[in-house]
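Hi everyone, thanks for coming. Let me put the structure up, and then we can walk through it together.

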Amino acid sequence: MSRPELQAPPEIWYGDIEAKKYTANTRNQQIQADMTYRALELLNLPPDEPAFLLDIGCGSGLSGEILDAEGYIWTGVDVAPSMLEVALEREVEGDLFLQDIGQGFGFRPGSFDGAISISVLQWLLNAETSHPTSSPPHRLTRFFTTLHSALKNPSRAVFQFYPTSDDQIQLITSIAQKAGFGGGIVVDYPNSKKARKVFLCLYVGQQKSQQVPQGLDGDEEQDAKVRFERRRQSEKVRSKSKRKAVKGRDWILKKKELYRKRGKEQVPRDSKYTGRKRKATF
Amino acid sequence: MVRLITHNLLACHVKNCNANNFPLEFQNVQLEIREAEFNPEFVKGFLPKIEWKALVDTARQLGDTSLPNEQPEMLDDDFLKNLHHVLLEIHVEEGSMVCPNCKHEYPISSGIPNMLLAEHEIA
């Protein structure tokens, strides 16, 4: 399937139907949850200290629910009203904002202890109009500079996103660096086609270790999920084929009885052969 | 779901609106009080980030006068509870926020403020 960000801007792509579909999909939920936990791990917040986080592109609150569960207070921004509506229905705890992150934030300096963003940055890489403020570099610059000032010093911001090429990664990291961020790219499961995930790990100010964390490697985890079993599918098919024929022996006998009652002539006699299947060799 | 905790962090981000753009002024608001879990550690940790005068003024405007004019030196439980109530339990559901400098209006509907800007307002 072609990528959604190439088809329409996010506020249109995530309309009422798509927003509901996206949120109800259990596979999406699982993936989003996994990535949110991983992003929190990369965020490396001090333990046992309640933090105030920013969820960039919070959507329907799939990631926000996990932030709630982990005890963080958070604020979410998203550009798709339908997604926010779903988030309201799901009664997430955080404050929600309808905001285009490419237009920049208005938060006061040092507002947040950290920021996470799941599957969002790729949406900033398309120009929707020819206006100069709509070009991807301009939007990214505005986004990263306002975000940098909104985060406290020291803190981190972790973005999971789906780049299509190395050029895109190059563009994003160079603009983030110009905005004052340190850090870099973390790739989980780089050799797996399915489990490969790209995280942009950005630092504000001096960190204890300036090194970018290692990406996860090796085989992806299998244990947490129930695997697809073909057996179950074939069982379903078999039980379907066992369905009773509508025009079985009983039905035929009933019909014949009815015809006789009505006085119809030449109704065949009932016998042991009535309603029996012919041999396959016929 | 605009709570005062986020309102206290929010300034106007319209192009060239750099001074006197905080705090945004509430207008025609409908409030809702929703209880939230009291977490004294969080409230204490959040204190240094608060612009006290803006918070007190806004809370008074919304009809809550439980906070003192000056940020007290001593943090007792009553004070933290009041602060928790003001920061996390007062939700603005409908209305709008207006920038005191450029008069840009951010409408709030069903608890979600619309922060989108027109093309000429983007910096």
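So, 33 residues of chain A are in contact with 30 residues of chain B, where contact means heavy atoms within 4.5 Å. A quick note on what we're looking at: this is a predicted model, where local features need pLDDT of at least 70 and side-chain atom pairs count only at pLDDT 80 or more, while totals for chains, interfaces and linings use all residues. Residues are numbered from 1 along each chain as its sequence is written, chains are lettered from A and ligands numbered from 1 in the order in which they are written, and side-chain values use heavy atoms, with hydrogens and water left out.

What kinds of residue does chain A bring to chain B?

How many salt bridges cross the interface of chain A and chain B? The rule, a side-chain nitrogen of Lys or Arg within 4 Å of a carboxyl oxygen of Asp or Glu, finds two. In one salt bridge, Asp113(A) meets Lys49(B) at 2.8 Å, N to O.

E3(A) gives the most to this side of chain A, with four residues. Strands (E, at least two residues) are DSSP runs, numbered from the N terminus. E3, residues 95–98, is also an edge strand of chain A, as is E6, residues 182–188. They belong to an open sheet of seven strands, ordered E3-E2-E1-E4-E5-E7-E6, with mixed pairing; two strands pair if DSSP finds at least two bridges between them.
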